[in-house]
Amino acid sequence: MPAFFVPAATSDQQAKAVLEAVAKFNHLENPNCFYSISYTQNSKREVAVVGEHHVVNGEVVIFILKAADGSGPYLICTENRGVARGGPILADGSWRTNATPFTVQ
């Protein structure tokens, strides 16, 4: 598990600012951040990893977020899905979903 990072961020301060803006855009307060997630979508197994292109839309995954209280789906955020515009890619939190958190620094 890698330490928390934001693709293309040039500093920890910038990474934190981007996270705060994306969390606000998605109506989350202090979300949990994950490095990767494996989930089922339309009977097909999908994997999303921060910093890698997601098969759903071909864009780089910027964040994988979940509400701090654990409620709701996982939000897979790419530039056009949950970061700069549009809604994020949703992944349910069922028992078939495996999410790997970032390491705590």
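By buried I mean under 20% relative accessible area, with exposed meaning over 50% and partly exposed in between, using a 1.4 Å probe and protein chains only. Helices (H or I, at least four residues) and strands (E, at least two) are DSSP runs, numbered from the N terminus.

A quick word on the source: this is a predicted model, where local features need pLDDT of at least 70, side-chain atom pairs count only at pLDDT 80 or more, and totals for chains, interfaces and linings use all residues. Residues are numbered from 1 along each chain as its sequence is written, and side-chain values use heavy atoms, leaving out hydrogens and water.

Back to S4. Tyr74, Ile76 and Thr78 point one way, Leu75 and Cys77 point the other way, and all are buried. What flanks this strand? Strand S3, residues 61-66, pairs with S4 in the antiparallel sense over four bridges, and isoleucine 64 stands opposite isoleucine 76. Strand S5, residues 89-91, also pairs with S4 in the antiparallel sense, over three bridges; there, leucine 90 is the bridge partner of leucine 75. Pairing here requires that DSSP finds at least two bridges between the strands.

Now for the helix. H1 covers residues 12-25, and its 14 residues should span 20 Å at 1.5 Å a residue, which agrees with end C-alpha atoms 20 Å apart. That expected span is 1.5 Å times one less than the number of residues. Which residues of H1 are buried? They are Ala15, Leu19, Val22 and Ala23. On the face turned away from the buried side sit the exposed residues Gln13 and Lys24. Just after H1, histidine 27 takes a positive phi of about 60°.

Last, the cysteines. How many disulfides are there? With a disulfide taken as a pair of cysteine sulfur atoms within 2.5 Å, the count comes to zero. Cysteine 77 has its closest cysteine sulfur 9.4 Å away, in cysteine 33, which is too far for a bond. Cysteine 77 is buried at 0% relative accessible area, and cysteine 33 counts as buried at 18%.
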